[in-house]
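Keep the sequence and the 3D view open as you read.

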Amino acid sequence: MSGFTFWRRVAGLGLGLGLALGQLSAAETRPEIISNEDCLDCHGEAQVRKVKGKEVPLPAFPTNLFSASVHAKINCVDCHVGIKEAVHDTPLPRPQCAQCHPPQTNHVQAAAEYATSIHGLSHVLGSSASAHCWDCHGAHEIIPTKHPGSPVYKLNLARTCAKCHDNPGLTQEYRMRFPHVADEYQESIHGRALQLKGLIVAPSCNDCHGVHDIKRTVDRSAPINPANVAKTCGKCHVKVEEIYERSVHGQLLAKGDKRAPSCNDCHTAHTIEPPHSGHFKSISDRICGRCHEDRLTHYRDTYHGKAMALGKPNTAPDVAACFDCHGHHDVLPASHPDSRLSASNIVQTCAQCHPGATASFAKYIPHANPMDRENYPVLHAVFVGMTGLLLAVFAFFGAHTLLWLVRSVYLYLTDSKKFREAKIQTQQGDEWFTRFVPFERFLHVLVVSSFLLLVITGMPLKFYYTDWARAMFHVMGGPDVARILHRFGAIITFLYFGLHLADLAWHAWSHRQAVRDPATGRVSWKRLKDVLISPDSMIPTLQDWRDFIAHNRWFFGKGPKPQFDRWTYWERFDYFAVFWGVAIIGMSGLIMWFPQFFSHFMPGWMINVALIVHSDEALLAAGFIFTIHFFNTHFRLEKFPMDTVIFSGRISKTEMLHERRRWYDRLVAEGRLDQFRVKDEWARWQVIARAFGYFFFGTGVVLLLLIIYAMTSRLLH
């Protein structure tokens, strides 16, 4: 061995001996390390100790849980830094997880990401309730994140986040945007797939918000920032993201337009539900309407929109929603060749709900604005015409009714006793005459029942924005049931109208000899004219005009009350109003009932015209019947509370002499009075008839009040 090597070994031995002696010396002066056993002497089980004369509870340490945790081999004081002695002061400084999990470790830079997250920044700003590591991962019982028992395991994460984000105290204190996020998530398609079905591929909180780097929505780097939401959702919905990026919404978002909707604007953030569910469809128009308010307004003017607004809370009616026509993720301008509304695709789009749709049918205008004269001149003209007709009729007959009412009240106040006695006498008597035959009374029952059914099922659509409209549709079973009932009412209408025409044809045929010249056997136009304009005919004559003038003179006290024949001028008007109504309402209703069929003969925008005509004419009919007609037959003091002649079919001699003297005198002069004489059998079944009458009458009054309320509320708002 060389001398150099020998002395090198001696020096190394001396250095080692010196280091050993130094460590022994340091060990003698360094404080003794507090072991876990020392801590468990007090925290092994729940105990109480006295501190300055007060009893202080000592929390029990979860020994079994800690021994199974990832921290089982470290000492308590490694986390609870600052403890110098086994018996220590409280409270202790919070653990500093970053001392073992610094950014440069393989823990995915957890500490650095947490420091810049909403939780970490809240802690820096002094928020006492901000989430720390142990709030999510656990304290002494931390186990690997992939362990099914870990609070941050995917199946458990939502409940862990809910400890703060579904805590009423914290959500109110910090004014959290989603105070019931846990319940919302659990009911969503994501939550149900993950927590009920155990589909581990379904997203949980961290899949959308991040893990340690959770940031606010306004942070541009946040995965839930509007500019990044599509990419975040696209991690699972890859194909949908590609389609969305090509849509008009995606292109606007790519240009930085903050108005562009992203996934959560339509599907919401946490209450995401299956897009094919009835509830999603029922609220889809309101979702689109948040950005397209003008389109929503006029969509609601169509049957589609009204039925959607009146649908059951969790059920969508069988009508088109916005996305049925415009698409969902693939919304494109109508000018784009790939748009569902392009010239090459629109017929196929309509055919989804309307099999057999044609190019003509596709000209229907789903968002038409009748008030827009420039863009929709025909619809505007029809709307103005129908509105003018409605106002003119109510103005004219409203004045007529008011004058009649004032005159009747005046006479009642002048001599109420005489007025009441005259009224009683007209309802009593020992001689009765037929006014309506059983067939006519039967037709009137069909008229009343079908009309009320049509109003009950139709008027809620016109006033869809009212609570009573939604309540009525809810009782009926929704728009689909109401549509069936409405069409049933239409069938009854066509039935009684057809029966009446058949009855007219039969009478014309049975009396055909009355219009023939006895000498020649040919039709005599003079005899035909006499039959058509006879007092028994419903065709208006010059006498009706004279009666109208005389009646108005009586209103002002300028002449005696006129006497009428079998039919008054207002009864003839009511009669032909039914002809007009059945023709106008019936034809427009058929166009809307069978739009594909009629589109073979007319352009699709005629469906829009039919809707305006049908809606306004129906309002005119309902308003006229429940006000003018009801006054003429029931409300006027001579008849109040109800004229039962249409149910009994008979009229007393006293009433004939009081109101229809010309008819009585004519029958006497023609020797036909006994042909109309009838026994009074009304008492046998008047209770039943009156019950039906009051039911129909009362229903009409209630509907009138609801219509007035709806129109008033719309004007006030």
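This is a predicted model: local features need pLDDT of at least 70, side-chain atom pairs count only at pLDDT 80 or more; totals for chains, interfaces and linings use all residues.

Residues are numbered from 1 along each chain as its sequence is written, and side-chain values use heavy atoms, with hydrogens and water left out.

**The sheet**

Strands of a sheet pair through backbone hydrogen bonds, either parallel or antiparallel. Here, three strands make an open, antiparallel sheet in the order β4-β3-β5. Helices (H or I, at least four residues) and strands (E, at least two) are DSSP runs, numbered from the N terminus, and two strands pair if DSSP finds at least two bridges between them. β4 (650–652) and β5 (677–678) are the edge strands with a single partner each, so one side of each has no neighbour in the sheet. Three bridges join β3 (residues 432–434) to β4, and T434 faces R650 in β4.

R650 turns up again with its side chain: its charged end sits over the ring of W432. K561 does likewise with the ring of W554. To count, NZ of Lys or CZ of Arg must be within 6 Å of the ring centre and within 35 degrees of the ring normal.

**Rings that meet**

The structure holds 34 aromatic pairs. Rings of Phe, Tyr and Trp (its six-membered ring) pair if their centres lie within 6.5 Å; planes under 30 degrees apart are stacked, over 60 edge-to-face, and the rest tilted. Two of the pairs are tabled here.

| Pair | Centre to centre | Angle between planes | Type |
|---|---|---|---|
| F436 and W567 | 5.9 Å | 45° | tilted |
| F564 and Y569 | 6.3 Å | 55° | tilted |

What does the F436 and W567 pair tie together? F436 lies in the loop between β3 and α24 (438–462) and W567 in the loop between α28 (542–555) and α29 (569–593), so the pair links parts that are 131 residues apart in sequence.

Buried means under 20% relative accessible area, exposed over 50%, and partly exposed in between (1.4 Å probe, protein chains only). F436 is buried at 13%, and W567 is buried at 10%. F564 and Y569 are both buried too.

**A pocket**

The second largest pocket has a volume of about 1,100 Å³. A pocket is found on a 1 Å grid over the protein atoms alone, as an open set of points with protein on both sides within 12 Å along at least five of seven lines; lining residues have an atom within 4 Å of a point. The volume is the space filled by probe spheres set on the points, which are joined across faces, edges and corners.

Its lining has 34 residues, with F383, K462, S615, D616 and L619 nearest the centre. Helix α31 (605–635) is among the elements giving two or more residues to that lining, and α31 has the largest share, eight residues.

The peptide bond from F640 to P641 is cis, with omega near 10°, and P641 is in the loop between α31 and α32 (645–648). T268 has a positive phi of about 70° although it is not a glycine. T268 is partly exposed, at 31% relative accessible area.

Methods. On a 1 Å grid over the protein atoms alone, a cavity is a set of points where a 1.4 Å probe fits but cannot get out, and a pocket is an open set with protein on both sides within 12 Å along at least five of seven lines; lining residues have an atom within 4 Å of a point.
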